[in-house]
Amino acid sequence: MRYSALKILTQGLTGNKGWQPAWREPEPKAEYDVLIIGAGGHGLATAYYLAKEFGVTNVAVVEKGWLGSGNIGRNTTIIRSNYLLEGNQPFYELSLKLWEGLEQDFNYNAMVSQRGILNLIHSDGQRDAFARRANAMRLSGADSELLDRDGIHAMCPFLDFDNARFPIQGALWQPRGGTVRHDAVAWGFARGADTRGVDILQNREVTGIDIEDGVVKGVQTSKGPIRAKKVAMCAAGSSGRVAALAGMRLPIESHVLQAFVSEGLKPVIPGVITFGAGHFYVSQSDKGGLVFGGDIDGYNTYAQRGNLPVVEDVCEGGMAIMPMIGRARLLRMWGGVMDMSMDGSPIIDATQTDGLYLNAGWCYGGFKATPASGYCYAHLLATGRPHDTARFFRLDRFHRGAMIDEKGVGAQPNLH
Amino acid sequence: MTQNSAQPGSKPQPNRLSHNGLIDQSRSLNFTWNGTQYQGHPGDTLASALLANGQRFVARSFKYHRPRGIFSAGPEEPSALVQLRSGAAQEPNTRATVAELFDGLTATSQNHRGSLEGDILALNDWLAPFLSAGFYYKTFMWPAAFWEKVYEPFIRASAGLGKLSMQADPDIYDHGYLHCDLLVIGAGPAGLIAALEAGRAGARVILADEDFRPGGRLNAETHAIDDAPGHAWATRAIAELASLDNVRLMTRTTVYGAFDHGVYGALERCTDHLPTSGGKPRQVLWRLYTKRALLCAGATERSIAFANNDRPGIMLAGAVRTYANRYGVTPGTRVAVLTNNDDGWRTAQDLQSAGVTVTALIDTRSGVSPPKNADRIETGCAVANTRGRRGLGQISLTNGAVIDADCLAVAGGWSPNVHLSSHQRGRPTWRDDIAAFVPGSELPQGMSVAGAANGTPTLAAAMAEAQTTTRALLQDLGHSATGADLPRASDEPASISAFWHVKAKGRAWVDLQNDVTAKDIYQSQKEAFRSVELLKRYTTLGMATDQGKTANVLGLAILAEAAGQTIPETGTTIFRPPYTPVPIGALAGRARGKDFRPYRLTPSHKWAEENGATFVETGPWMRAQWFARPGETGWRDSVDREVRMTRNSVGICDVTTLGKIDIQGRDAAEFLNHVYANGFAKLPVGKVRYGIMLREDGICYDDGTTARLSETHFVMTTTTVNAVAVFRNLEFARQCLWPDLDVHLISTTDGWAQYAVAGPNARALLSKVVDDLDLSNEAFPFMACTECTVFGGTPARLFRISFSGELAYEIAVPTRFGDSMIRALMEVGKEFDVTPYGTEALGVMRIEKGHFAGNELTGQTTAAMLGLGGMVSKKKDSIGLPLSQRSEMIRDDDLRLVGFHPVDKGIDLNAGAHFLTKGDPEDMAHDQGWMTSVAWSPELGHSIGLGFLKNGQNRMGETLRAFDPVRGKDTAVTVVSPHHIDPEGARQRG
Amino acid sequence: MAEIKLTAAPVLGTNLSIGTNTIQERDDLALVSIATPLDQDQDSQADLARALSAGWGLDLPAPTRASSAGDAHAIQTTADQMLLIFPHEGPDGNAVVQSKLDGAGYTTEQTDVWLVLEIAGPETLAALERLCPMDLRGVPDGTATRTVMEHMGALVLRHSAERFWLLTASSSAGSFLHAVEQSYRNVT
Amino acid sequence: MIIPHPLLGPRDAAEFVYLGDASLIARPDGLAPDAIDQFHSYTYLRDNPAGVHRELWYHEQGDRSWLVVTRNTLTHEILSAELARDVARAEGRSR
């Protein structure tokens with residue numbers, strides 16, 4: 001069923017009785033060309049692009065819970081391509097470009113809203129670093145601007161310009177950054193993939209990966225085995241657990257990132273704002289909630305919840321830059337489990353097992369990467385070669401010493 | 001019904017019951033609602049006062065802007081959200097049902113365009129057929145550019161609820177920390193019994209209750225305990241608890257979250273019930289450290305879905321009782337009651353005894369015989385629809401009867417308040433006998449549950465359970481209960497027969513705040529959004545400010561109905577913290593404005609303030625950036641002068657902020673050999689050595705000098721920014737990697753005031769400062785150090801090290817002498833025309849000299865990139881050695897630190913510019929590196945830069961583009977040595 | 001030029017009252033850290049114990065429990081290090097300790113690293129509840145421990161329910177005092 | 001979270017800095033011929049278990065002890081806390 005304004009109108013006039021399921025709930029086939037583990041944003045996007053761009057439609061996406069029940073449904077919905085390093089910047093710019101055409105592409109309104117992202121600068125050193133970054137962005141075709149205090153004031157007069165412990169000195173501004181309705185991304189990709197013949201198998205946990213003589217043969221699931229020519233791990237947050245089924249140890253730790261939403265408010269925040277001298281970033285959803293977050297809790301965990309010190313730290317950052325939000329109330333807090341990699345950058349690569357592939361290590365930046373991750377992973381699965389913009393996301397980079405360490409904090413995942 | 005007799009000067013409150021209530025009707029409080037002044041009484045909430053004054057229609061719903069009234073009498077309120085106070089203190093989305101009335105309170109309704117009554121967005125309600133669940137995912141996509149420009153601004157403006165003032169919050173907040181053996185959450189009958197048991201046994205108890213009047217439902221019901229009204233027993237219990245030193249009674253305090261290992265978050269509202277906070281914290285956010293916690297949070301009533309069940313005047317039955325019994329208010333003059341359980345009968349009974357007309361009692365169950373407390377009794381039927389545009393006027397029943405009513409009390413059963421029990425892993429479990437979810441088996445560590453929160457709804461049973469549970473907890477904690485008897489309370493009947501949804505034409509509302517209907521749930525199920533998680537995301541059920549306290553179970557029941565499943569098969573509802581919303585200001589506490597983080601000040605701070613310094617934030621430190629002198633027209637003037645005066649004669653800079661670590665022990669030298677990439681074992685006593693530190697991944701992350709004061713005593717300096725991390729890493733090496741080395745660490749950063757004295761006259765100046773020490777180059781050469789005294793006996797340390805490239809020393813005295821020392825140095829320096837210099841001049845001189853600093857140590861920098869690859873000793877095992885030798889990190893064509901001059905000397909360079917080879921495309925693949933630091937060199941008379949350049953060591957003299965599109969610049973630069981001045985180092989050794 | 005002598009200044013020189021509570025800087029104390037040499041047969045420990053006892057009448061401190069004699073206190077700060085606090089003016093506290101220890105431990109002058117605030121009065125525990133995550137109410141006098149308050153490290157020594165010493169880094173002393181003062185103002 | 005410090009008793013985890021898997025104590029010999037392989041594994045690869053995890057915490061705002069805490073990463077339940085120095089010695093580390 002194609003969605004359109006007309007469809008809304010006709011359905012509305014006939015009592016909304018004719019809506020069809022957004023996707024099927026099929027029984028699995030005996031064998032698939034590609035079996036993707038994880039029906040999160042990246043897994044569904046991979047299936048969608050495999051089918052749509054590479055003509056590979058004999059595809060299953062196997063999910064232990066409900067589709068979109070992982071980090072795609074638990075993040076703070078920000079999209080941007082304000083990356084610094086050669087290994088990252090072109091990839092995230094590709095992703096931003098895919099976001100820009102996504103809704104028409106998959107006929108689902110994911111509310112891609114490019115209202116800009118503002119990274120505040122509080123020191124000279126930071127200004128120099130952001131200038132370097134802004135120029136790197138320009139070099140790969142992204143948009144970037146450096147704003148001075150007046151420029152920021154015109155955009156966000158409510159920031160604390162007078163009494164701040166770390167005064168605002170400027171900002172990096174990416175007008176094309178913004179937010180997307182995160183759940184809709186999963187649903188749009190799921191619907192688009194399903195329509196093209198992909199089987200989305202929900203409530204079916206992968207419990208084993210069958211490997212014979214170094215060649216992958218399929219998977220065991222909680223509801224029986226499924227054969228597959230290629231198995232694509234795509235379960236960020238649980239990558240360690242999935243990879244362990246294939247006997248792999250990864251350069252990844254699992255950590256929790258908390259996120260927060262306030263009660264609904266009339267519009268106050270124009271785009272996305274990040275604080276450069278503390279841990280706080282914020283945007284406002286279409287429903288009016290301030291959606292905000294900060295640093296990860298910092299200890300290994302698979303529990304989707306965090307603790308108070310980080311909650312307080314994030315709110316301190318918020319009050320430090322925008323003391324007008326003091327009387328807004330935090331409505332809900334939750335946590336998502338992150339694949340924190342050893343250099344803060346992801347992995348899209350083949351493994352040493354023939355036919356077994358890995359997409360992992362997205363840290364807390366996976367959401368914005370969803371379309372490009374899916375596209376590049378599909379490219380790798382379909383052609384056997386990495387996509388050009390993802391060619392640095394190799395598993396052996398740690399052994400070679402070619403880390404992609406944006407923050408420069410080294411092999412300590414909780415600092416990325 | 002008796003109307004209260006108006007006091008002099010007060011307007012009548014039409015719905016006030018003068019003989020009822022736990023409020024002080026002898027005193028009146030003025031308040032203003034939507035510009036009109038009304039009166040209420042101490043003990044009222046805004047909601048009870050509005051109802052007393054006959055105000056039923058108080059809000060507009062979120063999506064369809066439907067008229068809404070007051071639905072509940074507590075924190076579960078989905079509808080009556082108001083904007084409280086005005087000006088900077090304006091507080092959006094405040095639940096009128098928990099806002100305590102104070103004299104002078106002002107509040108307005110929210111989420112409407114035009115007046116509350118004439119909201120033009122009520123148009124949305126007429127468009128409802130086109131705005132069903134998920135409609136926005138299916139449209140607004142054409143043309144693509146219209147989303148941000150047209151659709152979204154409209155959606156955003158009509159969505160949202162209340163408004164922020166856009167001004168800084170005028171109140172202050174505080175944090176606090178409390179410890180106890182037992183935290184009792186909720187001061188209803190179960191909580192009071194538990195606190196009494198534990199308090200009498202001598203345990204440290206905290207009893208927290210969100211209400212301003214403890215007692216819970218005892219204040220709302222007409223139950224008797226020990227033959228007296230329940231609220232009177234509660235009052236006595238509170239008095240006893242207040243007399244116990246080991247019990248801390250916290251009212252107006254919401255325990256909002258259960259965190260790991262017995263940590264709870266609680267919010268105490270200290271001044272929200274007062275006209276102003278009087279300079280004291282408005283709220284205190286408490287972190288409670290508990291050994292055990294007992295959740296006695298009671299239960300929340302829920303509604304029943306039937307057509308148009310959302311009109312003002314339709315309320316929860318228990319809330320109607322609360323208003324009548326506690327607040328002395330009847331929500332209507334002709335009240336009907338709809339119930340699926342025995343508890344609903346009490347509403348009719350209590351209202352009738354208060355003299356209110358009860359027009360009908362409708363029980364969905366057949367074969368029950370409710371007491372005759374209503375004009376008519378209907379069983380085995382339900383309400384099919386309602387009428388009344390701005391408030392309820394009439395109800396029609398499934399049996400066709402039509403009944404006048406301006407208030408309908410709906411009793412859909414009680415849901416235990418399991419929220420805190422599910423804040424960690426716990427999933428509530430379904431109990432058919434009470435048609436409700438109760439806490440599951442996986443409770444947060446140390447938590448137990450008793451009373452209605454545990455699915456034990458009747459009074460006597462709840463109190464008994466609280467007692468038994470508390471006694472078991474006390475035994476765990478090593479206390480013995482006193483064995484006091486339980487007070488006598490009656491166990492009333494509590495039979496319920498699950499009844500959720502009257503299927504009939506018309507929209508039946510499930511989530512009142514987010515406007516989710518039963519039909520939306522059916523549609524969601526049909527469109528394959530079949531799990532509770534997908535349902536709530538697709539329809540927004542339970543995502544509003546009340547987190548679905550009254551809606552979730554009903555929604556789940558209807559989802560089960562749509563799927564043809566039982567409720568347990570369909571799923572469960574869990575809750576996330578906070579239990580009720582918490583102001584961001586309270587979560588932040590004091591950390592805002594200048595108090596966001598502490599300031600660290602250098603010993604010369606006061607002197608620098610007196611001498612025209614401009615300060616800059618350097619991490620937590622405030623450092624002098626430059627010292628302006630009269631006549632200087634800008635910072636460049638001052639900085640250029642400071643550099644010139646230093647290079648020409650002598651300058652002084654406070655370098656106290658560098659980390660200083662005292663390292664002692666028999667094995668200290670061996671230890672240093674492990675933590676520095678270069679060798680330290682053979683450093684002689686009385687000498688300083690420069691060292692670089694690598695992370696285990698081979699990246700160079702810090703540098704500094706370490707001085708050897710004796711065989712077993714070293715003093716290490718670190719960069720300012722890494723002082724804490726270096727110390728931590730040294731402790732790791734000492735405790736975890738080489739645990740049997742005799743080495744001991746302690747920070748002395750704050751103990752010494754340290755000044756760099758640099759310039760050709762540094763020696764001459766210091767010779768007037770230090771006592772009896774030969775400073776000649778022979779006696780005290782470059783990289784020498786010693787302990788000494790200054791100005792006739794003050795202890796000091798002297799190091800001959802240089803960051804500026806000049807003849808330079810660093811001299812340290814105990815911090816208590818720091819202020820005196822800078823004044824003395826400046827005094828004796830007068831004859832050399834000494835200048836103080838700040839971080840800017842420091843930066844200029846280090847760039848001139850080619851020393852790297854923070855801008856170069858990005859955490860991505862190898863020793864080889866810095867030109868220090870040869871310093872990494874391969875003869876000893878040091879941290880970072882192996883991985884620093886990985887293939888990609890020792891490539892000859894990798895980035896190298898080099899210097900840059902503009903081809904046109906009149907142009908200023910910019911840090912952050914990227915280098916491009918002339919003729920190459922402007923893209924990432926051809927990026928050659930970037931400019932890290934720039935300065936205007938007074939000595940060279942033009943701008944200079946440092947930067948990382950691919951294969952830079954082999955490109956001296958090449959001209960490149962410094963490409964800086966973000967600032968619209970593209971400058972031709974020449975690659976030069978990073979050592980712009982004195983490359984041989986003659987000055988610092990002289 | 002007149003002969004210059006350096007003068008010592010207190011960190012803040014604080015001496016103030018809030019209601020009936022007082023906050024006062026103690027600048028009449030010397031602070032010296034003593035690290036116990038790594039030594040499997042525990043000889044150093046015994047030497048140190050003798051020196052402490054002879055020098056100041058102090059026992060070796062236990063974790064979280066200060067050993068005290070008058071205004072002299074030894075507080076275990078790390079597993080193998082203690083902080084010795086004793087009445088002494090002048091910058092030579094370390095030399096004094098070294099002379100008494102005779103090599104039984106590695107010492108480092110710490111006086112100027114710290115601000116010592118003595119806080120006292122009836123609202124003191126209530127004020128500390130707004131500052132300090134540690135349980136200071138339900139612990140015995142003599143409890144001593146390091147923790148963090150308003151983002152600043154601090155060492156707390158409980159003399160009685162109404163009298164405490166708070167030690168904090170001297171460079172951030174102003175912010176720390178502000179926090180302590182604010183705590184008292186918020187509860188009085 | 002509350003860390004049961006073996007010397008100081010229960011302490012708020014906010015006083016600590018977390019490092020990671022306690023296998024970081026087992027630092028290989030940096031001069032070994034295959035040091036890069038060994039250090040690649042030591043520095044980068046993790047078991048990352050969903051369950052019991054031995055991990056390093058540093059009591060930065062306390063007594064500066066490094067601790068080895070055994071904790072369940074699914075429930076956050078803490079099973080034990082030991083001084084890392086004792087653990088290191090027990091694992092044969094010395095000088």
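L330(A) stands opposite V582(B) in β31(B). This pair belongs to the antiparallel pairing of strand β16 (residues 329-341) of chain A with strand β31 (residues 582-583) of chain B, which extends over two bridges. Strands (E, at least two residues) and helices (H or I, at least four) are DSSP runs numbered from the N terminus, and two strands pair if DSSP finds at least two bridges between them. The model is predicted, and local features need pLDDT of at least 70, side-chain atom pairs count only at pLDDT 80 or more, and totals for chains, interfaces and linings use all residues. Residues are numbered from 1 along each chain as its sequence is written, chains are lettered from A and ligands numbered from 1 in the order in which they are written, and side-chain values use heavy atoms, with hydrogens and water left out.

Between chain A and chain B, contact (heavy atoms within 4.5 Å) involves 118 residues of chain A and 122 residues of chain B. The two chains bury about 10,300 Å² between them, with 57% of that area on carbon and sulfur atoms; buried area is the accessible area (1.4 Å probe) that two parts lose on being put together, summed over both. Of the area that chain A buries against chain B, 10% is supplied by L139(A), R165(A) and R327(A), more than by any other three residues.

The interface of chain A and chain B holds 14 salt bridges, a salt bridge being a side-chain nitrogen of Lys or Arg within 4 Å of a carboxyl oxygen of Asp or Glu. The side chains of E316(A) and R597(B) form a salt bridge with an N to O distance of 2.8 Å. Residue pairs in polar contact between chain A and chain B number 60, with both residues at pLDDT 80 or more. A polar contact is a pair of N or O atoms within 3.5 Å; within protein, one must be able to donate a hydrogen and the other to accept it, and residues adjacent in sequence count only if both atoms are side-chain atoms. On the side of chain A that touches chain B there are 54 nonpolar, 32 polar and 32 charged residues. In this classification Ala, Val, Leu, Ile, Met, Phe, Trp, Tyr, Cys and Pro are nonpolar, Asp, Glu, Lys and Arg are charged, and the others, Gly among them, are polar.

Between chain D and chain C, 11 residues of chain D are in contact with 15 residues of chain C. About 1,100 Å² is buried between these chains, and carbon and sulfur atoms give 47% of it. One salt bridge is found across this interface; the side chains of R85(D) and D80(C) meet in a salt bridge at 3.1 Å, N to O. Six residue pairs are in polar contact here, both residues being at pLDDT 80 or more. The side of chain D that touches chain C has two nonpolar, two polar and seven charged residues.

R27(D) lies in the loop between β3 (17-21) and α1 (35-44) of chain D. R27(D) counts as buried because its relative accessibility is 5%, where buried means under 20% relative accessible area, exposed over 50%, and partly exposed in between (1.4 Å probe, protein chains only). Its side chain makes a polar contact of 2.6 Å with the side chain of E696(B), and a polar atom of the R27(D) side chain lies 3.1 Å from the backbone oxygen of S878(B). Beyond neighbours within four places in sequence, the contacts of R27(D) include L737(B), W738(B), F39(D) and Y42(D).

In chain C, S172(C) is located in the loop between β11 (163-169) and α4 (173-187). S172(C) is buried, with a relative accessible area of 6%. Not counting residues up to four places away in sequence, S172(C) touches P598(B), Y599(B), R600(B) and M152(C).

In chain B, A122(B) is placed in the loop between β7 (105-109) and α2 (123-126), and counts as buried at 15% relative accessibility. The C-alpha atoms of A122(B) and H65(B) are 4.9 Å apart, although the residues are 57 apart in sequence.

Strand β5 (residues 66-72) of chain D is mostly covered, with seven of its seven residues buried. W66(D), V68(D), T70(D) and N72(D) point one way from β5(D), and L67(D), V69(D) and R71(D) the other way. Strand β4 (residues 52-58) of chain D pairs with β5(D) in the antiparallel sense over seven bridges, and R71(D) is the bridge partner of H53(D). β5(D) also runs antiparallel to strand β6 (residues 78-83) of chain D, joined by five bridges. β5(D) and β6(D) form a hairpin with five residues between them, and H76(D) in the turn has a positive phi of about 70 degrees.
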